[in-house]
Each structure stands twice: as structure tokens, then as C-alpha cells.
There are 2 protein chains.
Amino acid sequence: MQQQCGKEMPAISRNPGFSRRFPPAQVCLSRRFSGAASRAATRALARSEPVSTVEVEALLDLIKWDSSGLAVAIAQDVDTGAILMQGFVNRDAVSATIASKRATYFSRSRRSLWTKGETSSNFIDVVDVYLDCDRDSIIYLGKPDGPTCHTGADTCYFTRAADILQNKPLIGENGLATSTLYDLERVIQQRKSEPDGKKPSWTKRLLQDQKLLCSKIREEAGELCKTVEENEGRKRTVSEMADVLYHSMVLLAAQDVKMAEVMEVLRARFSQSGIEEKSSRGRSSS
Amino acid sequence: MQQQCGKEMPAISRNPGFSRRFPPAQVCLSRRFSGAASRAATRALARSEPVSTVEVEALLDLIKWDSSGLAVAIAQDVDTGAILMQGFVNRDAVSATIASKRATYFSRSRRSLWTKGETSSNFIDVVDVYLDCDRDSIIYLGKPDGPTCHTGADTCYFTRAADILQNKPLIGENGLATSTLYDLERVIQQRKSEPDGKKPSWTKRLLQDQKLLCSKIREEAGELCKTVEENEGRKRTVSEMADVLYHSMVLLAAQDVKMAEVMEVLRARFSQSGIEEKSSRGRSSS
């Protein structure tokens with residue numbers, strides 16, 4: 001059912017960490033549109049609109065706009081750090097993003113504002129906006145509602161220059177630009193999908209043998225602690241933490257859990273001082 | 001001592017994962033300059049130069065350059081996912097980056113190439129280059145040699161729009177745009193630097209009591225395993241993994257270990273199938 005906008009409705013705030021990170025805005029936009037609503041009406045409603053306040057204008061005045069009145073805006077996943085997409089913004093686009101908390105850009109070809117997700121419904125819920133030192137480049141730190149790229153890929157960056165240079169076939173999402181933790185997650189996932197063979201990889205063996213996996217996780221946690229207890233030095237700590245992470249991530253893969261989900265929980269907890277609260281509960285009950 | 005360039009010298013390859021991710025280039029550039037070398041000579045030598053090959057030209061032909069012959073290039077930390085900086089590139093800048101494996105840009109104001117680090121020596125060692133779906137936006141995935149920003153901050157993105165909107169004082173590096181894991185690391189670090197008080201936070205208590213910290217890490221690892229052993233469901237797995245991560249990261253903070261160091265070790269291991277190898281060793285000895 002289509003929601004109606006009204007001043008009395010609360011601002012959208014799906015992200016638990018949002019209120020801490022980003023001031024509220026008195027703008028209401030319904031999240032999803034379906035049924036009788038026409039595509040055009042959907043787009044019109046889904047597009048975020050700029051809102052002018054003294055504070056927002058002061059912020060916009062700080063940005064160094066180029067001769068066309070534009071700056072670069074990069075949308076980044078707040079939980080994984082993945083760069084989702086990049087576009088250009090004008091004053092209205094930044095203002096609309098701040099007001100609606102949805103990543104909004106200025107299309108240079110269509111000469112108009114567009115909110116990421118206005119046609120796909122895969123919005124990027126912005127929890128923080130950052131300017132660079134020159135104030136001509138912006139990060140929209142946010143949480144994507146779904147795949148960001150129009151191709152269906154999680155991010156728009158899936159074409160590796162190395163593959164082109166080596167005349168390799170372009171491999172779609174497997175080639176996503178990701179940082180180490182999520183590269184590791186992908187490697188483990190690849191091992192998981194390998195067919196059962198005579199000589200399974202160590203990761204595959206862990207995935208097939210729950211007892212072995214759990215004994216390794218307990219062992220590695222103990223070894224991490226030993227680096228402190230027996231004063232083994234920080235280099236050992238680095239190495240043992242890597243072991244704890246790897247083995248725990250194999251368990252996540254076994255349970256079909258994504259590291260991004262863990263990050264989302266951590267963000268919700270520590271943005272509400274929940275870590276302190278939760279751990280206190282654990283402490284008193286233990 | 002200043003190195004001399006020669007065709008017989010191997011390409012620079014400090015990053016263990018590099019050879020896997022990015023094809024070698026026959027370009028030699030010395031890494032550091034000091035002593036008698038003049039600043040100008042240093043800059044000239046430190047600046048990467050484009051190299052034209054059939055493969056590189058084919059890649060450059062794929063990029064959708066704007067009317068000024070430019071595209072956007074975002075430098076991202078391969079280990080932490082942090083966006084380090086953003087600049088513009090022309091054909092020569094991308095070609096020079098591929099050849100030298102150092103992030104190189106085109107300065108729109110000076111109308112010339114510049115390699116990040118040519119004056120500061122804080123280069124960004126590029127391990128992978130990605131194009132977006134429209135092929136007009138590029139990621140330089142790399143490892144920074146030191147702080148990227150000319151201000152000395154780790155990245156150029158340390159100005160929070162929320163602080164400006166709320167008229168808060170701008171807090172420098174504390175305001176760095178970081179994703180959840182590194183936000184958590186910062187929160188723990190903040191707790192660590194809190195003065196000892198009558199009611200220390202839970203994090204502070206863990207930092208002060210090694211026995212308590214280690215017992216919590218072992219306990220949480222056990223609880224993570226229990227989610228599989230006792231079939232508690234994936235939601236419990238997410239929650240317990242968050243606990244394992246948080247408590248392990250408190251131990252890292254106690255040892256002055258940065259998560260980025262752990263990531264670097266993981267990258268070195270799995271890019272050489274080292275996880276398999278290392279774990280096999282662990283297996284045979286256990």
C-alpha cells in the first residue's frame with residue numbers, strides 16, 4: 001500500500017546508527033511503491049527533493065563546486081567499505097541527500113536530479129556525508145537496499161583492468177572490487193562451491209567437518225589469548241588474529257552468514273553504546 | 001642511495017598479492033629519495049611515466065573519457081576499504097599507474113601528471129584497477145605507504161557534514177570516514193584513552209583485566225561454535241560472531257595492533273593459497 005507523505009510522519013530512520021551520525025530531517029518519502037501507482041508517479045515520489053535551511057546552505061557554501069557547479073560524490077557501503085557507485089552532484093543533489101537520507105545525484109546527461117533507486121527501489125540509505133580536504137569530493141556513507149548496479153551486481157565496479165590487459169573473459173560479480181576481508185569471504189565461498197573431490201582444500205574440509213571446524217576455532221581463540229598471556233609479542237597477535245578471523249569466517253560460510261550482517265549488528269550495538277550494555281549483561285550473568 | 005633505472009631490473013612488487021592481481025610492467029622507479037638528490041630531481045624521478053603497449057591502449061580505449069579527456073579515479077585501501085583520495089585521470093595517468101603500480105593522476109589546475117607521493121614519498125602502491133559499469137569511473141585499489149592526505153590525516157575524508165550542520169567543531173582525524181569495523185576499532189581506542197575513573201566502561205575494564213578479557217574471548221569463541229553444534233540458527237551465529245570480533249579487537253587494542261595489519265597478513269596468505277598451506281601445517285601438527 002502506498003504511503004502518503006505528511007508533516008506529522010517521522011523521518012525515515014532505518015539505520016540504528018543514523019541518529020547518532022546524522023541529524024534528522026523533516027522529509028518524508030515512502031520506501032516502496034507498487035500496484036496502481038504508475039512508474040512515472042513512482043519516480044516522482046521516489047526522487048528526493050532538496051530542502052533549504054541556513055545550516056544546509058552553509059554546508060553547501062563550503063563545497064568547492066567546479067565551473068559547472070558540480071562535485072564528485074562516491075557512495076560507500078558503511079558496513080563493508082565497498083565503493084558502490086560514483087556520480088556527480090550539484091547543490092540540490094547534496095541538499096536532497098541530506099533531507100531524504102537517500103543518495104541523490106545530478107545527471108549530467110539528463111540535466112536533472114536523480115535519486116539512486118528511484119526506478120529500481122534499490123536506494124542507498126545515507127548515514128553520513130563526508131567532504132574531502134579540498135571540499136570538492138564527497139562520500140555518501142550508506143547502506144544499500146539491494147544491488148547498486150543497474151546490471152544487478154552489488155556494486156558498479158566489477159571490471160578488472162588486469163583481466164582486460166590479459167585478455168581474460170570478464171567474470172562479472174566475481175571480479176568485484178573488494179577489500180581484503182571480503183576478498184577472503186569470496187575465496188571461502190569459492191571453496192564451498194567446489195565439487196567434492198578426492199583431495200578437498202583445507203577450507204572445504206573444515207566446511208565438511210563441523211567437529212574439526214569448531215575445534216580449530218576454539219584452538220585459535222586460545223592461541224590468540226596466549227599471545228597476551230605468554231607475552232609472545234604483537235607479531236604473534238597479528239598472526240593469531242588472522243587465524244581466528246579465517247576460521248570464524250569458514251563457520252559463517254557454513255551457516256550462509258555474510259560478514260556484512262555481522263557488521264550491521266556491530267554498528268547497531270556500538271552506535272547505541274550497546275556493546276557496553278550487552279557485555280554488562282553477559283558479565284552479570286556469568 | 002638513489003637507484004638507477006634499467007631494463008634488467010625487476011618490476012616493483014612489494015605487495016604479496018600483487019602478482020596474482022595485476023600483471024607485471026617493465027618499468028622501474030626507485031622507491032625513496034634522500035640526501036643529495038634535489039627536490040626537483042626527486043619529483044621528476046618519483047613521478048610515474050606512461051607506458052604504451054597494445055594491451056594498455058586497448059584498456060584505455062575502453063574507458064569513456066569526458067569532453068576534457070578525463071575520468072574520475074578513487075584510491076581505496078585494499079586492506080581496510082577506506083577511500084583514501086579521489087582525483088581525475090587522463091590516458092597518461094592511467095597508463096603510468098599501470099606501468100609503475102603507483103596511483104597517478106592528472107592535475108586539472110597544473111595541467112600535468114602527478115603521482116601521489118612524488119613530494120611526500122607517501123605513495124599508494126596499486127594492486128588492482130577497476131572500472132565501473134559505465135567505464136567512466138575507476139578504482140585504484142592499493143596500499144598507502146603512509147598518510148594519504150597532505151594534512152597528515154590517513155585519508156582526505158575527515159570533514160563530517162553532520163558536524164558542520166550542527167555547528168560542531170571539526171575534529172580532524174577522529175572524523176575520518178570509516179566503515180563499521182574501523183569505526184569499532186576507533187571506539188575501542190577512545191575507551192582505551194579514557195582516564196581511569198570510578199566507573200570504567202566495559203571495554204576499559206577488559207583492557208585493564210587481561211584474565212577477564214581472555215576468558216571472554218574463549219567464552220565467545222565457544223558460543224560461536226555452539227550456534228552450529230546446537231543448531232541455534234544463523235541469527236545467533238551473526239550475534240556471536242559480533243561478540244567474537246568485538247572482544248578480539250579489544251585484545252588487539254591492548255597489544256597496539258591495528259586491524260589493518262591483520263588484513264595485510266590475511267591478504268598475503270590467501271593470495272598465495274597460504275591459508276591452505278598454513279592450516280595444513282596446523283592440521284598435521286595437531
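**Exercise 1.** How many of the ten residues of helix 4 (residues 91-100) of chain B are buried?

*Solution.* The model is predicted: local features need pLDDT of at least 70, side-chain atom pairs count only at pLDDT 80 or more, and totals for chains, interfaces and linings use all residues. Residues are numbered from 1 along each chain as its sequence is written, with chains lettered from A and ligands numbered from 1 in the order in which they are written.

Step 1. Helices (H or I, at least four residues) and strands (E, at least two) are DSSP runs, numbered from the N terminus. A residue is buried if 20 or more other C-beta atoms lie within 10 Å of its own, exposed if 12 or fewer, and partly exposed in between, with C-beta atoms placed from the backbone.

Step 2. By this criterion nine of the ten residues are buried, and the helix is mostly covered. Among them are B:Arg91, B:Ala93 and B:Thr97.

Step 3. Just after helix 4 of chain B, B:Lys101 takes a positive phi of about 60°.

**Exercise 2.** Describe the pairing of strand 3 and strand 4 of chain B.

*Solution.* Step 1. Two strands pair if DSSP finds at least two bridges between them. Strand 3 (residues 104-107) and strand 4 (residues 112-115) of chain B are antiparallel and share four bridges.

Step 1. B:Ser107 stands opposite B:Ser112 in strand 4 of chain B.

Step 2. Four residues lie between the strands of this hairpin, where B:Arg111 has a positive phi near 55°.

**Exercise 3.** Give the strand order of the open sheet that has five strands, and name its edges.

*Solution.* Step 1. The order is 2(A)-1(A)-6(A)-5(A)-7(B), with mixed pairing.

Step 1. Strand 2 (83-89) of chain A and strand 7 (157-160) of chain B are the edge strands, each pairing on one side only.

Step 2. Inside the sheet, strand 1 (residues 71-77) and strand 6 (residues 137-144) of chain A run parallel over six bridges. A:Val72 stands opposite A:Ser137 in strand 6 of chain A.
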